[in-house]
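Hi,

Here is the structure I promised to send over. Have a look at it first, and then read on for what turned up.

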Amino acid sequence: MDPAGYSMRWYDQILTFGMSAPDQARDTSWWSDVWENAQWVRAAKNSIIIGSMATLLATVLGTIAALGLSRPEMPYRRFIMGVLISPMIVPLIITATGLFFFFSSTGLAGTYPGIIMAHAVLGIPFVIITVTATLTGFDTSLSRAAASMGANPVRSFRLVTLPLILPGVISGALFAFVTSFDEVVVVLFVASFEQQTIPRQMWNGIREQISPTILAVATVLVIFSVLLLTAIELLRRRSERLRGLTPG
Amino acid sequence: MVATDITSAGRMTGGVEVITAADGTPLKQALARANARARRRAFFLVLPLLAFVLVTFAIPIGQLLYRSIYNAAFSDNMPQLAAWFDANPQSAGVADESGFDALVLDLVAARANKTVGRVGIRVNYELPGSTSLFKSSARKAVRFEGPPYKEKMLEVDAKWDNPALWSVMRRASNPYTITFYLAALDLAFSPAGDIENVDEKRRIYVPLFLRTLILSAVIGFLCLLLGYPIAHLLATLPLRYSNLLMIFVLLPFWTSLLVRTTSWIVLFGDPWHCRRRWPYPDDVQSDRHHRGDDPYSAAVYGSAAVFGDENHSATIPPTYVRAARSLGANPFTAFWRIYFPLTVPGIGAGSLLVFILAIGYYITPALVGGATGQLISNLIAFHMQNSLNWSLAAALAALLLAGVILLYWLYDRIVGVDKMKLG
């Protein structure tokens, strides 16, 4: 093992790759160059924008739907649940191919709304699964109590139901975010160069040659996923405590 | 909640007591109406999402399936020839003078519209070598001075005298076709119009479907083998340790697939020399990468299997096994006769889920699979991006989808989609 073999410069490379003037003095204009031109930074920006918008869309629609799905009087419950979970089951390549045809004919190909919608669909199953699982332990007499005290359904949802199911909602949202953050097949098929995400950028790198920069990015991503996983675990425990499933 | 506005009030009508609600309607009717309202309310909560999934998921896949049976490249660009085929349904083989008239007029028009290449490619799917035939013939047909055309066309290229070409064109003149499904199953129309197997050397799709199935089964089995003890451990350890262990089990699931693939390449050497090849049947290179796939995939999907197993084994009371032991069973008998049968539903659920997820495996084979490591998903991508035979890609996708839906239905029957859990 050669101590001179250890170097941090590949982490620096994440920032400088693609810049117009990487060697200039590191003042404010250098950083603005990073922000504007560095390819990994741009990919990270895209990943975060697309991921958070898709998560928002999937979580809002998914939570509302989960409220309906967990009601005993929901008609065709099992079938509809099956349809809503199917984006997780259907092979990604099929979804990507279908979206490619659909987006090409509707002009959504190569646009941010298109990618966001596609990623939202892929994240929805995770939101549905986690939120309905949280709602099965939910005591409906609480929202009935809120209604009997004059709260309308929206108010009772906001003040009573939501705080109790929030850990489940957040963990579903994190699942949806990670799905979008890690997704490359749909991006390959329907995104243009403008919407390059981190996985898309990595895909190019892995197919061509694995540079140390790719490995540096991979390391950063592993740390990121460990943090996310820890957050999920903590949320899960909190959710179980809130619902009284395990003694706190 | 919905029943709060209903108060029962007795009323005598014709000697029979009908219980009514406050507004005078019979209680049964009022209840039915309230139930209907509750059902509607629940449904309206789901409706926005259902509409969203319908538009961005179901419709695109429907469009994809439609493409597998509909290809208008020929019929749209060769309208007169298509009309001639309709008008002469009985004449098989090479056309007569009137057929060649329609052909030449269409070729000239297609050349002017720059669509003759598309027409040629459509015929080329079934009869290799046709693209250049169409292009060169159209180029020369522009200079024809007038009918009769048949002799001149045969002079341009004797291939126009081939009955097989005419039967392909006749089939292609109908935009609705099962040709691509036949191609996806390694079948083809013979010149006489029967369905037959393609040449032994050109059979790639059925072996590839089989390989995908076998690989998925192996992955499912390996996950089961590796996941079962872990699931048992997770269910029996004290909560503090099992939570920590669970984090380690879930970590691969949460790590980016591309990161895992990268580390795999770093660990097991560069497969440069065998990458980006497509599964030509006679290519024997890079066998090691095919073998390399299995344990890797198992690690990827192992975490998914553990989910299913753990959910079930956690519900098995340890007292059962203890009871068996106290009745004189040795540890193996207690496991095999008591514990194992109780975990079978969990095993079924876990393995089936892994199997379903593994069937659509695309990313890792594309990056490290080499020539023999390609699966059906990779071939769909190949036909979408490289060969541009979109109809064949759609037909392959439809067959894959049918298999997945069947397994999904099975999963729903055995486990129930509403019982699925994540971590």
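How far does helix 4 of chain B reach from its first C-alpha to its last? Before the answer, please keep in mind that this is a predicted model. Helix 4 of chain B covers residues 97-112, and its 16 residues reach 23 Å, close to the 22 Å expected at 1.5 Å a residue. Just after this helix, B:Lys114 takes a positive phi of about 60°.

Quite a few residues of helix 4 of chain B are buried, including B:Phe100, B:Leu103, B:Val104, B:Asp106 and B:Leu107. What do the buried residues of this helix pack against? Their partners are helix 2 (73-77), helix 3 (79-87), helix 5 (116-124), helix 6 (130-141), helix 7 (150-156) and helix 8 (163-172), again in chain B.

Now for the charged pairs. The count over all chains comes to 3 salt bridges. B:Glu126 takes part in a salt bridge with B:Arg122, at 3.1 Å from N to O, and in one with B:Arg171, at 3.0 Å. B:Glu126 sits in the loop between helix 5 and helix 6 of chain B while B:Arg171 is in helix 8, so this pair ties together parts that are 45 residues apart in sequence. Through shared partners, B:Arg122, B:Glu126 and B:Arg171 form one network. Are these residues buried or exposed? B:Glu126 and B:Arg171 are both buried, and B:Arg122 is buried too, with a relative accessible area of 1%.

On to the place where the chains meet. Between chain B and chain A the count is 1 salt bridge, formed by the side chains of B:Asp412 and A:Arg78 at 3.1 Å, N to O. B:Asp412 belongs to helix 18 of chain B and A:Arg78 to helix 4 (residues 77-89) of chain A, so the pair joins two chains. B:Asp412 counts as buried, at 19% relative accessibility, whereas A:Arg78 is partly exposed at 39%.

The contact as a whole takes 67 residues from chain B and 75 residues from chain A. The area buried between them is about 6700 Å², with carbon and sulfur atoms giving 80%. There are also 6 residue pairs in polar contact between the two chains, counting pairs with both residues at pLDDT 80 or more. Several helices of chain B supply at least two residues to its side of the contact, among them helix 1 (27-69), helix 15 (331-359) and helix 18 (390-414). Helix 1 gives the most, with 21 residues. By type, the chain B side divides into 47 nonpolar, 11 polar and 9 charged residues.

Cheers

Terms used: Residues are numbered from 1 along each chain as its sequence is written. Chains are lettered from A and ligands numbered from 1 in the order in which they are written. This is a predicted model: local features need pLDDT of at least 70, side-chain atom pairs count only at pLDDT 80 or more; totals for chains, interfaces and linings use all residues. Side-chain values use heavy atoms; hydrogens and water are left out. Contact means heavy atoms within 4.5 Å. Buried area is the accessible area (1.4 Å probe) that two parts lose on being put together, summed over both. A salt bridge is a side-chain nitrogen of Lys or Arg within 4 Å of a carboxyl oxygen of Asp or Glu. A polar contact is a pair of N or O atoms within 3.5 Å; within protein, one must be able to donate a hydrogen and the other to accept it, and residues adjacent in sequence count only if both atoms are side-chain atoms. Helices (H or I, at least four residues) and strands (E, at least two) are DSSP runs, numbered from the N terminus. Ala, Val, Leu, Ile, Met, Phe, Trp, Tyr, Cys and Pro count as nonpolar, Asp, Glu, Lys and Arg as charged, and the others, Gly among them, as polar. The expected span of a helix is 1.5 Å times one less than its number of residues. Buried means under 20% relative accessible area, exposed over 50%, partly exposed in between (1.4 Å probe, protein chains only).
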